[in-house]
Amino acid sequence: MSRDTIVAKRYAKALFEVALQQQQVLEVEQELRAVVSGLTGDQEIIKFIVSPNISDEAKRNVLHASLDGKVSEPVLRTVLLLIERGRVELLQDLLDDYVRIEGDSLGIADARVYSTYALKEEEKEAVAREFGGRVNKKIRIENIVDPALLGGLKVAIGDTIYDGSLAGKLERLEQSFNRRVQ
C-alpha cells in the first residue's frame, strides 16, 4: 500500500467521523463527489491548483470563495487542508475511501449494473433487492449501458462480478466445449 493511499484513508476516516457526529454522512458524500468532479473535471482548474507559480494561500482563497456556503464546513476544511499540505491529488482516493468507509459503517454497497439498455427505476429496485439480499447490504445502483452484453445483466459489487449476460454465458459455454475437446 502506497503512502498516498494510507494518507487518503486517514483523511477519509477523519472526514467520515466528523460527518457521522454531525449526522451528515450521505450529504458529505454528495458534496465530496461534487467537489471532486468539479476540481478534477476542468483542465483550467487543474492547472490552477497544481501551478507552482500560484501561492497556496491564493489557491485556498479562491477555493474558499468558490465553495463557501455551497458545501458543508467539514468538506470545505478538508479540501483547504489538502491544498495547504500539497496533497490535492488525493481527492479522488479520499472520495473512494470515504465511500468505502461509509458503506461498511452504514451497510451500503455500490453496484455497477451493466445492461444492454438503460434500466427503469423498477428494474433497478428489483436488482438492488436481489443483490442486497445476497450481500446483506443496501445496494446503490449505477447503471452502465453496454450493448456488447447481447442481453441479460452483469453486476459488479466491490471485487465480485455476477455475470448473467448472454455474452458471458456464451463465453462460458465455449470454454466448456474447448475443455471437452482437449
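This note goes through the helices, the cores and the sheet of a predicted model.

1. Ground rules. The model is predicted: local features need pLDDT of at least 70, side-chain atom pairs count only at pLDDT 80 or more, and totals for chains, interfaces and linings use all residues. Residues are numbered from 1 along each chain as its sequence is written, and side-chain values use heavy atoms, with hydrogens and water left out. Helices (H or I, at least four residues) and strands (E, at least two) are DSSP runs, numbered from the N terminus.

2. The sheet. Four strands form an open sheet, ordered β2-β1-β3-β4, with mixed pairing. Two strands pair if DSSP finds at least two bridges between them. Strands of a sheet pair through backbone hydrogen bonds, either parallel or antiparallel. The edges are β2 and β4 (160–163), each pairing on one side only. Direction ignored, neighbouring strands are turned by 20 degrees against each other on average.

3. Strand β1. Look at β1 (residues 108–115) next. It is largely enclosed by the rest of the structure, because six of its eight residues are buried. Buried means under 20% relative accessible area, exposed over 50%, and partly exposed in between (1.4 Å probe, protein chains only). Eight bridges tie β1 to β2 (residues 138–145), and these two run parallel. Tyr114 stands opposite Ile144 in β2.

4. Helix α6 lies across β1 and β2, at about 110 degrees to β1. Axes are lines fitted to C-alpha atoms, for helices over the stretch in contact, and angles run from 0 to 180 degrees between N-to-C directions. Contact means heavy atoms within 4.5 Å.

5. Glu102. This residue is in α6 (residues 91–106). Is Glu102 buried or exposed? Glu102 counts as buried, because its relative accessibility is 0%. Leaving aside neighbours within four places in sequence, its contacts are Phe16, Val25, Leu26, Glu29, Gly107 and Arg140.

6. The nonpolar cores. A nonpolar core is a set of buried Ala, Val, Leu, Ile, Met, Phe, Trp, Tyr and Cys residues joined through side-chain atoms within 4.5 Å. The largest has 30 residues, and Val79 and Tyr98 touch the most other members. Helices α1 (3–21), α2, α4 (56–67), α5 (73–84) and α6 each supply at least two residues of this core. The largest share, seven residues, comes from α1. Apart from this core lies another, of ten residues, including Val113, Phe131, Val155 and Ile157.

7. Tyr98. Which residues does Tyr98 touch, not counting those up to four places away in sequence? They are Ala12, Leu15, Phe16, Ala19, Gln24, Val25, Val28, Glu29 and Leu32.

8. Helices α2 and α3. The axes of α2 (residues 25–40) and α3 (residues 43–50) come within 6 Å and cross at roughly 90 degrees. The two helices are therefore roughly perpendicular (angles under 35 degrees count as roughly parallel, over 145 as roughly antiparallel, 65 to 115 as roughly perpendicular and the rest as oblique). Gly38, Leu39 and Thr40 in α2 meet Ile45, Ile46 and Ile49 in α3. By class, this contact has four nonpolar, two polar and no charged residues. Ala, Val, Leu, Ile, Met, Phe, Trp, Tyr, Cys and Pro count as nonpolar, Asp, Glu, Lys and Arg as charged, and the others, Gly among them, as polar.

9. Glu89. This residue lies in the loop between α5 and α6. Glu89 is partly exposed, with a relative accessible area of 48%. Glu89 and Ala8 are 81 residues apart in sequence and 9.6 Å apart in space, C-alpha to C-alpha.
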